[in-house]
Amino acid sequence: NLSSVPSIWDYYAPMTETTGLFVAGDPTPKITLDKASTFFKYQGGTYSFHYDVAKPKKDVIATATTDVAWVTDIEVKGNTVSYRVLENNDGNDRHGDITVTYGKKLSVIHRVNQTYEAPELDLAKKSYKANYASQAISWAGRVLNPRQSPSISVSANVDWIKDVKFSGSV
């Protein structure tokens, strides 16, 4: 069976015609990223990644855009794309793309992933035993996964606990 025998042309680089000359290989620029995606916790933050253009064209620059509002401050300097991810208060994990475009037709996508973590109240002590009537009780705690403008309210689920207040800061 001769169909499985390679021909002599299988050993040569593809030929491309440009301006009447034949040039071995493909002269089309290629763009690659050093990292295809990033992962952020709910707080967000800043990040940068690098791109490389093989066979770049003279006077062609790269641009970067996003398809989501929570990825901001995108900037391209040299071969670096930097951006900021806002805090995730959406209630769900989220994903967005940054598209790096070189010239009119060449582009590559960097995926941005961000988790959501609901705020939680972590009390140092979960229950108290009052020894006598009108005893004042206080406790300390902390908010896990706080947000920029947290709202804290305290209440009692029985009518014999009175004057429940929150004092302090988050």
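Me: Why is Arg-111 called partly exposed?

Reply: This is a predicted model, and in it Arg-111 has a relative accessible area of 35%. Buried would require under 20% and exposed over 50%, so Arg-111, at 35%, is classed as partly exposed.

Me: What makes the pairing of Asp-97 with Arg-111 a salt bridge?

Reply: The closest N and O atoms of Asp-97 and Arg-111 are 2.6 Å apart, and because the rule asks for a side-chain nitrogen of Lys or Arg within 4 Å of a carboxyl oxygen of Asp or Glu, the pair qualifies. The two residues lie 14 residues apart, with Asp-97 in strand β9 (residues 94-102) and Arg-111 in strand β10, and the pair is said to link distant parts of the chain. Asp-97 has a relative accessible area of 15%, which is under 20%, and therefore counts as buried.

Me: How do you know that Arg-94 is buried, and which residue does Arg-94 form a salt bridge with?

Reply: Arg-94 has 9% relative accessibility, and because buried means under 20%, Arg-94 is given that label. Its salt-bridge partner is Asp-90, with the closest N and O atoms 2.8 Å apart.

Me: Which residues have the most contacts inside the largest nonpolar core?

Reply: The largest nonpolar core has 18 residues, and those with the most contacts inside it are Tyr-51, Val-71, Tyr-83, Ile-98, Val-100 and Val-112. The elements giving two or more residues to this core are β3 (30-33), β5, β6 (62-66), β8 (80-85) and β9. In soluble globular proteins, nonpolar side chains tend to be buried together. Leaving aside neighbours within four places in sequence, Val-100 is in contact with several residues, among them Ile-31, Leu-33, Phe-49, Tyr-51, Val-81 and Leu-106.

Me: What makes Val-158 partly exposed, and which surface patch includes Val-158?

Reply: Val-158 has 30% relative accessibility, and because this value lies between the 20% and 50% limits, Val-158 counts as partly exposed. Val-158 lies in the segment after β12 (141-144), and together with Val-154, Trp-160, Ile-161, Val-164 and Phe-166 this residue forms a nonpolar patch on the surface, with about 530 Å² of accessible area together.

Me: What secondary structure does the chain have, and how much of the chain is buried?

Reply: The chain comes to zero helices and twelve strands, and buried residues make up 19% of its 170 residues.

Me: What is the average pLDDT of the chain, and where is the pLDDT below 50?

Reply: The chain averages a pLDDT of 79, and 68% of the residues score at least 70. Over residues 7-23 the pLDDT is below 50, and beyond near neighbours in sequence this stretch has 18 contacts in the model.

Note on methods:
Residues are numbered from 1 along each chain as its sequence is written. This is a predicted model: local features need pLDDT of at least 70, side-chain atom pairs count only at pLDDT 80 or more; totals for chains, interfaces and linings use all residues. Side-chain values use heavy atoms; hydrogens and water are left out. Buried means under 20% relative accessible area, exposed over 50%, partly exposed in between (1.4 Å probe, protein chains only). Helices (H or I, at least four residues) and strands (E, at least two) are DSSP runs, numbered from the N terminus. A nonpolar core is a set of buried Ala, Val, Leu, Ile, Met, Phe, Trp, Tyr and Cys residues joined through side-chain atoms within 4.5 Å. Contact means heavy atoms within 4.5 Å. pLDDT is the predictor's confidence in each residue, from 0 to 100. Patches are made of residues with over 30% relative accessible area and no salt bridge: like charges are joined within 9 Å, nonpolar side chains (Val, Leu, Ile, Met, Phe, Trp, Tyr) within 5 Å. Accessible areas come from the Shrake-Rupley method with a 1.4 Å probe; for residues, only the protein chains shown count as cover.
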